[in-house]
Amino acid sequence: MRIVIGVVLLLIASVLQITLVTRITLLQGTADLVLLLMIAWMLQPGNRPDWKWGLPAGLMMGFASALPDWVLLIGYVAAAGICQVLFQRIWQV
C-alpha cells in the first residue's frame, strides 16, 4: 500500500512541478518538488528507504523535461541512494 501511495504522490508532485512550480523563480532558479517529496518520503521513520524510489521519479521527470532521460534518472537514483545511506546513519545515532 505504501508503494501505491508513494507513486501517486510522486505523480501528483510531478504534475505540480511541471505546471506551477516552474513559474516561480527562487534566486534565478526553480524548486524541484519531486526531489523534495522523494527525499521527505524516504526519510520518514516508518518507511524503508531504497534507491529504487529514484527510478519512477526520474522517469516521470525525464519524460516531461527537455533534458535527456538518463541525466535526471542518474540524479534521482543518486539522491535516493544518498537518502538510503543517511537513513541508516541518522536512525543509528
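A: Start with Q17, which contacts T22, A31, D32, L33, V34 and M61, leaving aside its neighbours within four places in sequence. Contact means heavy atoms within 4.5 Å. The model is predicted: local features need pLDDT of at least 70, side-chain atom pairs count only at pLDDT 80 or more, and totals for chains, interfaces and linings use all residues. Residues are numbered from 1 along each chain as its sequence is written, and side-chain values use heavy atoms, with hydrogens and water left out.

Q: Where is Q17 placed, and is Q17 buried or exposed?

A: Burial is read from relative accessible area: buried is under 20%, exposed over 50%, partly exposed in between (1.4 Å probe, protein chains only). Q17 sits in helix α1. Helices are DSSP runs (H or I, at least four residues), numbered from the N terminus. With a relative accessible area of 6%, Q17 is buried.

Q: Which residues does S14 contact?

A: S14 also belongs to α1. Sequence neighbours within four places aside, S14 meets V34, M60 and M61. S14 is buried because its relative accessible area is 4%.

Q: Is I3 buried or exposed?

A: I3 lies in α1. Its relative accessibility is 60%, so I3 counts as exposed. I3 and W53 are 50 residues apart in sequence, and 9.2 Å apart in space, C-alpha to C-alpha.

Q: Which residues of α2 are buried, and why do they line one face of the helix?

A: An α-helix has 3.6 residues a turn, so residues three or four places apart point the same way. In α2, the buried residues are V34, M38 and M42. Seen down the axis of α2, its buried residues fall within an arc of 60°, so they line one face. The arc is that of the directions from the helix axis to the C-beta atoms.

Q: How many residues are in the largest nonpolar core?

A: In soluble globular proteins, nonpolar side chains tend to be buried together. A nonpolar core is a set of buried Ala, Val, Leu, Ile, Met, Phe, Trp, Tyr and Cys residues joined through side-chain atoms within 4.5 Å. Here the largest has 14 residues, and those with the most contacts inside it are L10, V34, M38, M42, A57 and Y76. At least two core residues come from each of α1, α2, α3 (54-64) and α4 (69-92). The most come from α4, with five. A57 touches L10, V34, M38 and Y76, not counting residues up to four places away in sequence.

Q: What lines the largest cavity?

A: A cavity is a set of points on a 1 Å grid over the protein atoms alone, where a 1.4 Å probe fits but cannot get out; lining residues have an atom within 4 Å of a point. Grid points are joined across faces, edges and corners, and volume is the space filled by probe spheres set on the points. The structure has one cavity of 30 Å³ or more. The largest cavity has a volume of about 40 Å³. Its lining is G6, L9, L10, L37, M38, W41 and W53. The elements giving two or more residues to that lining are α1 (2-19) and α2 (33-42).

Notes
1 Å grid on protein atoms, 1.4 Å probe; cavity = no way out; pocket = protein on both sides within 12 Å on 5 of 7 lines; lining within 4 Å.
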